[in-house]
Amino acid sequence: MLTDEFGREVTGVRVSLTDRCNFDCVYCHNEGLGDTRGPMDPQDDEMGADDVVRFLEVAAEFGVDSVKFTGGEPMLRQDLEEIIRRTPDQMEVSLTTNGTFLPGRAEALVDAGLERVNVSQDALDPQDFAEITKSGAYEKVIEGVDAALESGLTPVKLNMVVFEHTAGYVPEMVDHVAENEGLQLQLIEYMPELTGKPEWNIDIERVHDWLAEKADDIEHREMHDRKRYWINGGMVEIVDPVENPTFCANCHRVRVTHEGYLKGCLNRNDDLVSMGDMDRSEIRAAFRDVVANRVPYYGEYMIRNDEGEWEINDKYIEEYAGA
Ligand SMILES: Nc1nc2c(ncn2[C@@H]2O[C@H](COP(=O)(O)OP(=O)(O)OP(=O)(O)O)[C@@H](O)[C@H]2O)c(=O)[nH]1
Ligand code: SF4
Ligand code: SF4
């Protein structure tokens with residue numbers, strides 16, 4: 001197991017397989033390098049299945065025991081089943097998807113080795129859903145969640161970004177997961193710094209307070225020190241990374257962009273290492289380097305100045321300027 005200089009073991013990898021997507025969510029922050037191509041444009045820059053598998057095999061050598069496949073929309077990759085099938089056995093395999101392609105394909109993914117799925121569902125009303133995602137696929141997503149449950153991918157986590165357009169749905173979604181066995185809710189803090197619309201932000205502390213009042217039990221998950229609220233038998237987890245040093249202090253994942261760049265932190269682009277045409281031993285060295293250079297974003301890379309505002313730590317300014 002590799003550990004960075006802040007004592008954070010790297011136990012997981014998060015691999016973006018494409019930046020293409022059939023949705024155009026108003027809050028999307030284009031994980032990866034922030035490419036702006038349309039959903040159906042060419043895919044020459046995406047890592048091939050062999051590249052993904054080679055990387056995963058190297059990560060497995062270092063004791064990494066979980067992989068999360070993301071996008072864009074990872075199910076646009078027709079070779080997703082192949083990639084999952086070839087993922088080292090020691091890794092728990094999970095997927096984050098918008099859910100539209102799960103009907104008719106969930107079982108094949110399970111057969112290939114998929115163990116868990118997170119499906120974005122930001123509203124319980126087709127019109128609001130369409131407004132947020134710029135897609136008319138509400139029914140398909142509902143079918144997708146059902147297909148995942150029927151294929152045994154439980155618990156299915158429903159991912160909901162909490163911001164102006166969705167905050168009103170939180171109570172209904174909390175009831176929804178309590179009433180439907182196999183579902184869990186994951187409330188994701190809106191990231192204004194990545195989406196450029198600060199006016200849509202909702203104070204996530206208000207959501208914590210509201211859930212705490214209702215909760216029968218509250219747990220802390222080690223990963224990111226995330227809080228989990230149990231309400232009427234349903235589980236609600238909060239993902240609240242923004243300006244949260246505790247979240248970053250408990251971050252155990254290295255990221256890979258769809259183009260094959262290793263990256264120690266989701267929020268930084270100045271720590272990228274391209275795996276390009278690297279062979280296995282070069283990937284090993286690159287993985288060690290990226291882990292060695294990992295820095296908790298909030299609390300070390302971003303620090304508070306005398307006025308209490310966040311700014312980049314001087315120590316890293318040169319690298320950032322050169323990115
Ligand atoms: N800043 C930051 N945001 C993260 C991190 N991990 C997850 N997120 C955010 O949380 C959202 C949902 O994450 P998911 O891909 O569903 O998975 P997860 O919650 O991280 O993982 P599991 O609970 O293991 O399924 C992502 O789109 C990110 O916005 C992280 O390490 N740093
Ligand atoms: S489904 Fe995900 S990747 Fe696609 S536009 Fe929405 S947030 Fe972005
Ligand atoms: S912002 Fe960076 S360091 Fe913080 S939790 Fe996310 S990926 Fe980890």
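Student: Which residue caps the N-terminal end of H4?
Tutor: In this predicted model, local features need pLDDT of at least 70 and side-chain atom pairs 80 or more, while totals for chains, interfaces and linings use all residues. Residues are numbered from 1 along each chain as written, chains are lettered from A and ligands numbered from 1 in written order, and side-chain values use heavy atoms, without hydrogens or water. H4 covers residues 126-133 (helices are DSSP runs of H or I, at least four residues; strands of E, at least two; numbered from the N terminus). The backbone nitrogen of Gln-127 has a side-chain oxygen 3.0 Å away, and that oxygen belongs to the cap, Asp-125.

Student: Within what arc do the buried residues of H4 fall?
Tutor: Phe-129, Ile-132 and Thr-133 are buried in H4 (under 20% relative accessible area, 1.4 Å probe, protein chains only). They line one face of the helix, because seen down its axis they fall within an arc (directions from the axis to the C-beta atoms) of 80 degrees.

Student: How much of the accessible area of ligand 1 does the protein cover?
Tutor: A polar side-chain atom of Gln-186 lies 2.7 Å from a ligand 1 oxygen. An N or O atom in the Arg-221 side chain is 2.8 Å from a ligand 1 oxygen. Of the 620 Å² that ligand 1 has on its own, the protein covers 92%.

Technical notes: Buried < 20%, exposed > 50% of the residue type's maximum accessible area, 1.4 Å probe, protein only. Polar contact = N/O pair within 3.5 Å; in protein donor to acceptor, adjacent residues only side chain to side chain. Areas by Shrake-Rupley, 256 points an atom, 1.4 Å probe, with all protein chains shown as cover.
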